[in-house]
Amino acid sequence: MSSSVLSDAFRTHPLNLNHKVVDLSSVEILPDSHAWTSEANKYSSSCGGDISRLESIPIINLKDENAMELIRLACTTWGVFQIVNHNVPKNLVDEVELAGEKLFSLPMDRKLMAERTPNGVSGYGMARISSFFSKSMWSEGFTIVGSPLEHAAKLWPHDYHNFCNTIEEYQKEMKNLASRLMGLILGSLGVTEDDVKWVEPKGELKERGAALQLNSYPPCPDPDKAMGMAAHTDSTILNILHQSNTSGLQVFRGDGIGWVTLQPHPGALIVVIGDLMHILSNGSYLNALHRAVVNQTQHRLSVVYLHGPPSSVKMGPLPQLVDSNHPPLYRPITWNEYLGIKAQYFDKALTTISLANGFMNADDDDSVK
Ligand SMILES: O=C(O)CCC(=O)C(=O)O
Ligand SMILES: [Fe+2]
C-alpha cells in the first residue's frame with residue numbers, strides 16, 4: 001500500500017488539536033466537552049426513531065447472479081450496503097477484531113507512545129473529523145497506512161509480530177475485495193474496468209491510496225448526549241467496514257426517513273460509497289452520510305478499510321455517463337486535491353467542485369488549493 005496520497009494531504013492540512021485526548025474508560029460522568037447539543041449536530045433532529053425499523057439496509061450476496069443490479073439499487077437509494085459471500089475468511093475478521101480490542105485495552109500512557117503527530121497520518125488518536133466540531137467524540141482511533149510496524153513496535157516493544165501479521169493479511173484481503181467491488185460497482189453503472197484504466201493500475205499507476213482505520217467506542221455513561229463519530233461522508237471511493245457485534249453505525253436517508261441503524265449481520269461486511277464514487281457516477285450513486293452512536297454497556301469496535309485512487313489520477317464523472325442530457329456535475333480532481341478541499345470545507349467540499357452552481361471554473365484546478 002502506498003502512503004503518499006494520504007500522508008501528503010494530511011501533512012498539508014494538520015489536525016486542529018483543540019480536543020484533549022481523554023481516557024474514556026475511566027470517565028463516570030459525561031464531561032461538558034463530550035456533551036453534544038442539537039446545535040452541535042445539525043442532523044440529530046431528524047433522528048428516525050421507530051421509522052428506522054421499516055427500512056433496512058440491503059444485504060447483498062456477492063454470488064447472487066443479480067448482485068450488480070442489487071448494488072445499483074443500493075447505491076442509488078442508500079449509498080451503503082452489506083455484503084455476504086465476500087470470501088474474506090471469518091477467522092481473519094475475528095483476528096483483526098481481537099487485535100483491535102487488544103490495542104485499545106492498553107493503558108492510555110502506552111497508547112500515547114504511538115500517538116499520531118499533528119501532521120502525521122498513522123498512529124493512535126482521535127478521528128480526523130474531530131477538528132470540525134467543538135465537542136469531542138466518544139471514541140478513539142488507530143490509523144494504519146502502509147506497514148503497521150513502526151507504531152506496533154511502540155505499543156508492544158517485544159511482541160508486535162502477531163499484530164502486524166494480522167493487519168497485513170487483512171489489508172491484502174481488503175485490497176482484493178475492494179478491486180472485486182470496483183468491478184461490480186462500475187459494472188452496475190454500465191462501465192467496464194477496461195474503460196477505466198486506473199482501476200487495475202499497472203506500473204507507475206500502481207501507487208494507490210489505502211488505509212486501515214480501527215475505531216473504538218467505549219461504553220458511555222450518557223449515550224444520548226454523546227456522539228461516537230459525528231455525521232460525515234467518506235472522502236474515498238469506497239470504504240469496507242467491519243463492526244463488532246454491537247450496533248452503532250447509522251446512515252442518513254434524506255427522503256424523510258432520517259437515521260437508520262445498520263444492524264450487525266453475522267459474517268457481513270459493510271460497503272460505504274464515498275465522495276469520489278459519487279463524483280465518478282456523476283451524482284447518481286449516493287455518498288452515504290453516516291455517524292456512529294454509542295451505548296451504556298457495550299464496547300464497540302469498527303475496522304474500516306479506506307479505498308482511494310492512485311495519486312496521479314484526476315477523477316471526474318465517467319465520460320460514459322455524461323451526455324447533453326446529463327452534463328458533468330463536478331470538475332475532475334485528484335484525490336490529494338480533494339482531501340485538501342475536504343479538510344477546509346468539510347461537508348461543503350463537493351459544492352466547491354460542483355459545476356452546477358458556477359462556484360468554480362472547470363479549468364481552474366489550482367484555485368482552491
Ligand atoms: O464506527 C463506525 O461504524 C463508523 C466509522 C466511520 O464512519 C469511519 O471511520 O469513517
Ligand atoms: Fe465514515
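**Close-up 1. Y124, a buried residue in a predicted model.** Y124 has 25 C-beta neighbours inside 10 Å. A residue with 20 or more such neighbours is buried, so Y124 counts as buried. The residue belongs to strand β3, which covers residues 123-125.

**Close-up 2. The contacts of Y124.** Neighbours within four places in sequence are left aside here. Y124 then touches K111, L112, A114, E115, R116 and F142.

**Close-up 3. Helices α2 and α6 cross.** Two packed helices are described by the angle and the distance between their axes. Helix α2 runs over residues 67-77, and helix α6 over residues 161-188. Their axes come within 8 Å. The crossing angle is roughly 75°. Angles of 65 to 115 degrees count as roughly perpendicular, so α2 and α6 are roughly perpendicular to each other.

**Close-up 4. The residues where α2 meets α6.** Helix α2 contributes A67, M68, I71, R72 and C75. Helix α6 contributes L184, I185, G187 and S188. Six residues of this contact are nonpolar, two are polar and one is charged.

**Close-up 5. The whole protein, for orientation.** The protein has nine helices and 12 strands. Its chain holds 369 residues, and 42% of them count as buried. Consider the contacts with a separation of 6 or more: 74% join residues 24 or more positions apart.

Definitions and conventions:
Residues are numbered from 1 along each chain as its sequence is written. Chains are lettered from A and ligands numbered from 1 in the order in which they are written. This is a predicted model: local features need pLDDT of at least 70, side-chain atom pairs count only at pLDDT 80 or more; totals for chains, interfaces and linings use all residues. Axes are lines fitted to C-alpha atoms, for helices over the stretch in contact, and angles run from 0 to 180 degrees between N-to-C directions. Helices (H or I, at least four residues) and strands (E, at least two) are DSSP runs, numbered from the N terminus. Angles under 35 degrees count as roughly parallel, over 145 as roughly antiparallel, 65 to 115 as roughly perpendicular and the rest as oblique. Two residues are in contact if their C-beta atoms, placed from the backbone, lie within 7 Å. Ala, Val, Leu, Ile, Met, Phe, Trp, Tyr, Cys and Pro count as nonpolar, Asp, Glu, Lys and Arg as charged, and the others, Gly among them, as polar. A residue is buried if 20 or more other C-beta atoms lie within 10 Å of its own, exposed if 12 or fewer, and partly exposed in between; C-beta atoms are placed from the backbone.
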